[in-house]
Amino acid sequence: MNKKIGRAASYLIFVFMLLMVYEVIARYFFDSPTIWVHELCGFLFAGYVALTGAWVLLEKGHVAVDIIYQYFPDKAKDLADMVVSIIALFMFTVLFWQGYKFAWHAFVTGQHSHTLFAPLLWPVKTMLPLGSLFFLLQILADLARSIIQFKQRSTR
């Protein structure tokens, strides 16, 4: 699921780029800047980051400092992965909970941006708990994989 969502969301970067090119052309060639492109691009980029993060985790694409980790035996690596997953579970649970409150408040109050464009903010604020949920699912999958590998290595 994270792979499909991440791949689909990754195309937001092309929409972002096209909108920025449109803004540059409108501003510098036609002397007609927009009031909406910059803010919409910020929203698109927020969705891009939130919805592709779990896919990057699945593909092990996040920056990892493994100077010491690379010398661990396999069982110690599994234990380290489990500890990191448990810490990440806590962090992303808090992020999901707080992000949900943040997005829900924007939804029930009909919160708008304080710009001339003034779009509703709940759609972009919803990306935080949604992205956190996908991260949580991936962290749980990674934790389960580490536990299974640890048990398999322990029975050898």
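Ile25 is partly exposed, with a relative accessible area of 36%; buried means under 20%, exposed over 50%, and partly exposed in between (1.4 Å probe, protein chains only). Ile25 sits in helix H2 (residues 12-29).

This is a predicted model, in which local features need pLDDT of at least 70 and side-chain atom pairs count only at pLDDT 80 or more, while totals for chains, interfaces and linings use all residues. Residues are numbered from 1 along each chain as its sequence is written, and side-chain values use heavy atoms, leaving out hydrogens and water.

Let's step back to the whole protein chain, which has 6 helices and 0 strands. Helices (H or I, at least four residues) and strands (E, at least two) are DSSP runs, numbered from the N terminus. Some overall values follow.

| Property of the protein chain | Value |
|---|---|
| Span of the C-alpha trace along its principal axes | about 70 × 35 × 25 Å |
| Share of the 156 residues that count as buried | 29% |

Now for helix H1 (residues 2-10): which of its residues are buried? They are Asn2, Gly6, Ala9 and Ser10. Seen down the axis of H1, these buried residues fall within an arc of 105° (taken from the directions from the helix axis to the C-beta atoms), so they line one face of the helix. They pack against H2, helix H3 (37-58) and helix H6 (127-154), where contact means heavy atoms within 4.5 Å.

Back in helix H2 we also find Val15, which is partly exposed at a relative accessible area of 38%. Val15 and Lys3 are 12 residues apart in sequence and 20 Å apart in space, C-alpha to C-alpha.
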